[in-house]
Amino acid sequence: MYDWPYPISLTMIHMAFCSTLAFLLVRIFKIVDAISLTRDVYVSSVAPIGALYALSLWLSNSAYIYLSVSFIQMLKALMPVAVYSIGVLLSKESFKSTTMLNMITISVGVAIAAYGEAMFNGWGVMLQLGAVLFEATRLVLIQILLTSRGISLNPITTLYYVAPCCFVFLSIPWFAVEFPILRGLSSFKPDFMVFGLNCVCAFGLNLAVFLLVGKTSALTMNVAGVVKDWLLIAFSWSVIKDSVTLINLAGYGLAFLGVCYYNHCKLQAMRAKEMQKKAAEADEEAGRLLEEPRQVEQEVNAVERR
């Protein structure tokens, strides 16, 4: 609609805006406290996450050039499959045949949706699948590199550290792919209203995602993502006039049921873990209460002997 198909440049503008705003909030206005990270921690933990985030954003934004909004949301249903598979490979998840069968069901549903897609484009599908793969790897690495070390970043400090790193990594393909083309566009005049509102939306989106995961859990994010996907499919069909076929909906419906079952199993596992933790705390408290009378009795006996 705007005839500006340069996803790397757009993503870099987003990251520059997020970096600047996060810097102002942390260093100038001091709304949140800066978390001090050593250079070794930043290079070994934050930099890989920023690199994967840059690749994910680059590929996912590029996919919109070739695919419809509705079909991209259907392909994103593969996220639990990618997260679980990478988690198993990196020993963060235990392999279960029932869970793998559920992952296969989701994959089959997405395959059916792809078969019924009227605007199918192989290159666009590869870009979106690559984005899903990098995003899933980033989510798993956050658990391995940050959570395991006890590093907890709030939404603003996450943007403060990750956005500049993401910008630097995006600049590498930008100089090779888009810079030579943009240098020759002498007639292009950016609409600051359009780009400004776009940056504000990008900052709000990143802030909302990090805040949601920080205040609730990644499971809540997955559940909310399912609702968001249906809303975007309805929006693209009714407003943007994307073509959505019955085969599309049937395939995505199957994948949707698989994602819902996966989230249900995750929720049950979280509840069981919380109950075990509460039971262990109750046993520890009961043991402490039983131990106190014995200690008192021993002290009384010691006094009487004296």
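The count of disulfides comes to 0, where a disulfide is a pair of cysteine sulfur atoms within 2.5 Å. The model is predicted, so local features need pLDDT of at least 70, side-chain atom pairs count only at pLDDT 80 or more, and totals for chains, interfaces and linings use all residues. Residues are numbered from 1 along each chain as its sequence is written, and side-chain values use heavy atoms, with hydrogens and water left out.

C166 is in no disulfide. Its nearest cysteine sulfur, that of C165, lies 7.4 Å away. C166 has 0% relative accessibility and counts as buried. Buried means under 20% relative accessible area, exposed over 50%, and partly exposed in between (1.4 Å probe, protein chains only). For C201, the closest cysteine sulfur belongs to C199. The separation is 9.4 Å, too far for a bond. C201 counts as exposed, at 56% relative accessibility.

C166 also belongs to the largest nonpolar core, which has 30 residues. Such a core is a set of buried Ala, Val, Leu, Ile, Met, Phe, Trp, Tyr and Cys residues joined through side-chain atoms within 4.5 Å. The residues with the most contacts inside this core are M15, I156, C166, L170 and F203. Two or more residues come from each of α1 (7-28), α2 (39-63), α6 (122-146) and α7 (155-177). Helices are DSSP runs (H or I, at least four residues), numbered from the N terminus. The most, 9 residues, come from α7.

Contact means heavy atoms within 4.5 Å. Beyond its neighbours within four places in sequence, L170 is in contact with I8, T11, M12, M15, A54 and W58. A second, separate core has 26 residues, including F71, A77, V110 and Y252.
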